[in-house]
Amino acid sequence: MKIAILYICTGAYNQFFEGFYASSERFFLTGMEKEYFVFTDDMSLCGHCNVHLIERKCQGFPADSLFRFEMFVQVKEQLMDFDYVYFFNANAEFRQPVGIEILPDETGLAMGLWYNLEKPWWSLWHVFDLPAFYSYERNKKSLAYIPPFGKNYKLFMGGLNGGRTKEYIQMIETLSKNIRTDYNNGIIAIAHDQSHINAYMRNHKCKIISREYCWPEEWPASFAPKIVFR
């Protein structure tokens, strides 16, 4: 089984790669063939034989994040040689073994879900768990638009997603086109690529990657996270 890992690090984010790579090699789908496609402005970042460096100049925020799917589409032909493709944020780090449980189900996609702090039931902060406060795009002219007053809202994160290669490529091609169309029309969604991911997932099913695999390092937790965002 072959796994392609997509990773973006430009500017100050280059400092995270070695830690991410070392933790991935130690904990992520061990025993499987893994190759890394790293978009970076530092072509001397590393010399590992399973790392492919793709030069990408630092464009700053939000461009480096907003147009990530255009980057991924650039290596579409190489990705087709793999069984699965996963994207991890630059500040992701594995803390415990992560195995086949992270692979998608029959839907073909696996997406990280945002989880808020573990709060007491009486906390007023639970108000912000309501979909009205989610980072959905409410501009009807945007291709990331999600209407209010719907059902079954979930807030997917931009920093962890993956799936079978066919379904994943279908997703990144669609999102790449939608984001560029919005941008050409003078529209940048409120949460950039994450808003577009959430719009896509309103019409597609996926396996949800639980909170143990996508926990901000600074948040307190009553469990031991397997993947943290530093």
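Buried means under 20% relative accessible area, exposed over 50%, and partly exposed in between. Keep in mind that this is a predicted model.

**Stop 1: a salt-bridge network**

Select arginine 230. Its relative accessible area is 39%, so arginine 230 is partly exposed. Arginine 230 sits in the segment after strand 10 (227-229), and glutamate 93 sits in strand 5. The pair links distant parts of the chain, 137 residues apart. Is glutamate 93 buried or exposed? Glutamate 93 is buried, because its relative accessible area is 15%. Salt bridges that share partners join Glu93, Arg95, Glu217 and Arg230 into one network.

**Stop 2: two further salt bridges**

How many salt bridges does the structure hold? There are 9. Select glutamate 70 and arginine 180. Their side chains meet in a salt bridge of 2.7 Å, N to O. Glutamate 70 lies in helix 3 (residues 68-74) and arginine 180 in helix 5 (residues 165-184), so the pair ties together parts that are 110 residues apart in sequence. Glutamate 70 is partly exposed at 21% relative accessible area. Arginine 180 is partly exposed too, at 29%.

Next, select lysine 34 and glutamate 25. They form a salt bridge whose closest N and O atoms are 3.8 Å apart. Lysine 34 is buried, with a relative accessible area of 7%. Glutamate 25 is partly exposed, with 33%.

**Stop 3: a buried arginine without a salt bridge**

Select arginine 56. Look for it in the loop between strand 3 (51-55) and helix 2 (63-66). Arginine 56 is buried yet has no salt bridge. Which side chain of opposite charge is nearest? That is aspartate 64, 4.7 Å away. Show the contacts of arginine 56 beyond four places in sequence: Thr10, Phe39, Thr40, Asp41, Ala63, Phe67, Met71 and Gln74.

**Stop 4: strand 4**

Select residues 84-88, which make up strand 4. Of its 5 residues, 5 are buried. In a regular strand the side chains alternate between the two faces of the sheet. Here Tyr84, Tyr86 and Phe88 are on one side, and Val85 and Phe87 are on the other. Both faces are covered.

Strand 1 (residues 2-9) runs parallel to strand 4, with 4 bridges between them. Isoleucine 5 stands opposite tyrosine 86. Strand 7 (residues 156-164) runs antiparallel to strand 4, joined by 5 bridges. There, arginine 164 is the bridge partner of tyrosine 84.

**Stop 5: helix 1 and what follows**

Select helix 1 (17-27). Its buried residues include Phe17, Phe20, Tyr21, Ser23, Ser24 and Phe27. Among the elements that cover them are strand 1, strand 2, strand 3, strand 4 and strand 5.

Move on to leucine 29, which follows helix 1. Leucine 29 is in the loop between helix 1 and strand 2 (33-40). Its phi is positive, near 45°. Most residues other than glycine have a negative phi. Leucine 29 counts as buried, at 2% relative accessibility.

**Stop 6: the loop between strand 6 and strand 7**

Select phenylalanine 149, which is in this loop. Phenylalanine 149 also has a positive phi, about 65°. At 82% relative accessibility, phenylalanine 149 counts as exposed.

Then select leucine 155 in the loop between strand 6 (109-113) and strand 7. Leucine 155 is buried, with a relative accessible area of 14%. Beyond its neighbours within four places in sequence, its contacts are Leu113, Trp114, Tyr134, Ser135, Tyr136, Gln194 and Asn198.

**Last stop: the largest pocket**

The largest pocket holds about 650 Å³ of space. Of its 26 lining residues, Tyr13, Phe61, Ser65, Arg68 and Asn89 are the closest to its centre. Strand 1, helix 2, strand 7 and helix 6 (193-201) each give two or more residues to the lining. Which element gives the largest share? Strand 7 does, with 3 residues.

How values were computed:
Residues are numbered from 1 along each chain as its sequence is written. This is a predicted model: local features need pLDDT of at least 70, side-chain atom pairs count only at pLDDT 80 or more; totals for chains, interfaces and linings use all residues. Side-chain values use heavy atoms; hydrogens and water are left out. Buried means under 20% relative accessible area, exposed over 50%, partly exposed in between (1.4 Å probe, protein chains only). Two strands pair if DSSP finds at least two bridges between them. Contact means heavy atoms within 4.5 Å. Lys and Arg count as positive and Asp and Glu as negative; His and the chain ends are not counted. A salt bridge is a side-chain nitrogen of Lys or Arg within 4 Å of a carboxyl oxygen of Asp or Glu. On a 1 Å grid over the protein atoms alone, a cavity is a set of points where a 1.4 Å probe fits but cannot get out, and a pocket is an open set with protein on both sides within 12 Å along at least five of seven lines; lining residues have an atom within 4 Å of a point. Grid points are joined across faces, edges and corners, and a volume is the space filled by probe spheres set on the points.
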